[in-house]
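Please read each point alongside the model.

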Amino acid sequence: MKSEEIFALYDRFVAPNYGRTRVALVEGKGCKVKDSEGNLYLDLITGIGVNILGHSPSVVEKALAKQAKKLLHTSNLFYTIPQGKLAEKLSKIAFPGQALFVNSGAEAVESALKLARKYHHDKGTGRHEIIAMENSFHGRTYGALSATGQKKYHKGFAPLLPGFKHVPYGNISEVEKAISPETAAIIVEPLQGEGGVNIPPDGFLSALRKLCDEQGLLLIFDEVQCGMGRTGKWFAWQNEGAEPDIMTLAKGLAGGFPIGVMMAKKEIMATFGPGTHASTFGGGPLACVSALAVIESIEKKGLLKNVQKVSKETLKELEKLKKEFKDVKEIRIKGLMMGIELDIPPGKGAEIIADCMKEGLIINCIQEKVIRFLPPLNVTSAEMRKGIGILRKVLCRKIS
């Protein structure tokens, strides 16, 4: 089909809830993706971090094909081998605990919030409030949306769920002041993604851990975007060693196949007895074998080291960019999670992204001023240099 035919289908039959670029992507491999007109692009945002091994990784293709011949789906009223093995693997690379499988990051956050409240209900503490961070993004379902600390996402959806407080990200004294006798848990992204690639000050996560231990609160880390090797460790909190009580995962976990996970320490997860929570498709065999293939590939190919290596080399390129353009305010980078904050008027960021697309580079802009890169973990330094080169060319035309 030609692009115009695809656009016409969408215009007539698909909900208009996304601001889509008028490009129809049809196939991809690694960092390269092709549109319906045959144009090739260097994709360094890769499904907003979902394609963590690039487009159509062969390990995922093979795992899916092999599993599809055996068993596509069964309800969670039965046991399957892939789900058990994935839960075991996650417990080994994260922390000793148990996994609840769902379909997305928002669903994982929903289950984490429910678990925190149910845990305190069962303990008889009466605690139900959740402290979340300003500029956070946890998803678009009602619980996740209520936890999200950005008013633009709340507009038109009031009333949100009660019992959420928002405090400045990275400010431990403000967190401490927000705690009340009703506080049940603190939810935080160890590194904010959609909020602007915001890296907390050193010691913030450890201070949260200490505060939760002292006050009897549960600590929830939302690793939906920053987890699965994105920062050079399996999980972003491991850069500081502050282990959570509950953790949410999704995006890159299954390399492009839908999956979400809420992990918790066993004594906390025990709160979720039969009938308390469920997900029809959660933990299906296809999703679980895809995730196992992704994890095995990251281990075998040493991709966590590649993340650290490419990150260091890319930082040098980004620092050059900062020297070249006075409108580049700040470079924020942790592993392969990168943001370039620009001093630009509203709307200019979208123009820059559109021009990069015309030049063959796919990236995106968040908060109207932060250019974001989320390349796959197996990206090369040469691919990053090429992408930054295209961005430089566009910035020469668009900013000073």
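1. Helix α4 (residues 81-93) and helix α11 (residues 285-300) pack with their axes 8 Å apart and at an angle of about 35 degrees; axes are lines fitted to C-alpha atoms, for helices over the stretch in contact, and angles run from 0 to 180 degrees between N-to-C directions. Helices (H or I, at least four residues) and strands (E, at least two) are DSSP runs, numbered from the N terminus. The contact (heavy atoms within 4.5 Å) involves residues of α4 including Pro 82, Leu 86, Leu 90 and Ile 93, and residues of α11 including Cys 288, Val 289, Leu 292 and Ile 295.

2. The model is predicted: local features need pLDDT of at least 70, side-chain atom pairs count only at pLDDT 80 or more, and totals for chains, interfaces and linings use all residues. Residues are numbered from 1 along each chain as its sequence is written, and side-chain values use heavy atoms, with hydrogens and water left out.

3. Leu 113, in helix α5 (residues 105-123), is buried at 6% relative accessibility. Buried means under 20% relative accessible area, exposed over 50%, and partly exposed in between (1.4 Å probe, protein chains only). Not counting residues up to four places away in sequence, Leu 113 touches Ile 130, Gly 143, Ala 144, Ala 147, Phe 164 and Ile 187.

4. The whole structure holds 27 salt bridges, each a side-chain nitrogen of Lys or Arg within 4 Å of a carboxyl oxygen of Asp or Glu. One of them joins Glu 129 and Lys 165 at 3.4 Å, N to O. Glu 129 belongs to strand β5 (residues 129-133) and Lys 165 to strand β6 (residues 164-167), so this pair ties together parts 36 residues apart in sequence. Glu 129 is buried, at 15% relative accessibility, whereas Lys 165 is partly exposed, at 29%.

5. Arg 392 and Glu 324 also form a salt bridge, their closest N and O atoms being 2.8 Å apart. Because Arg 392 lies in helix α14 (residues 381-398) and Glu 324 in helix α12 (residues 303-324), the pair ties together parts that are 68 residues apart in sequence. Glu 324 is partly exposed, with a relative accessible area of 42%.

6. A further salt bridge links the side chains of Glu 341 and Lys 329 (3.7 Å, N to O). Glu 341 is buried, with a relative accessible area of 10%, while Lys 329 is partly exposed at 47%. Elsewhere, salt bridges that share partners join Lys 348, Glu 351, Asp 355, Glu 359, Lys 393, Arg 397 and Lys 398 into one network.
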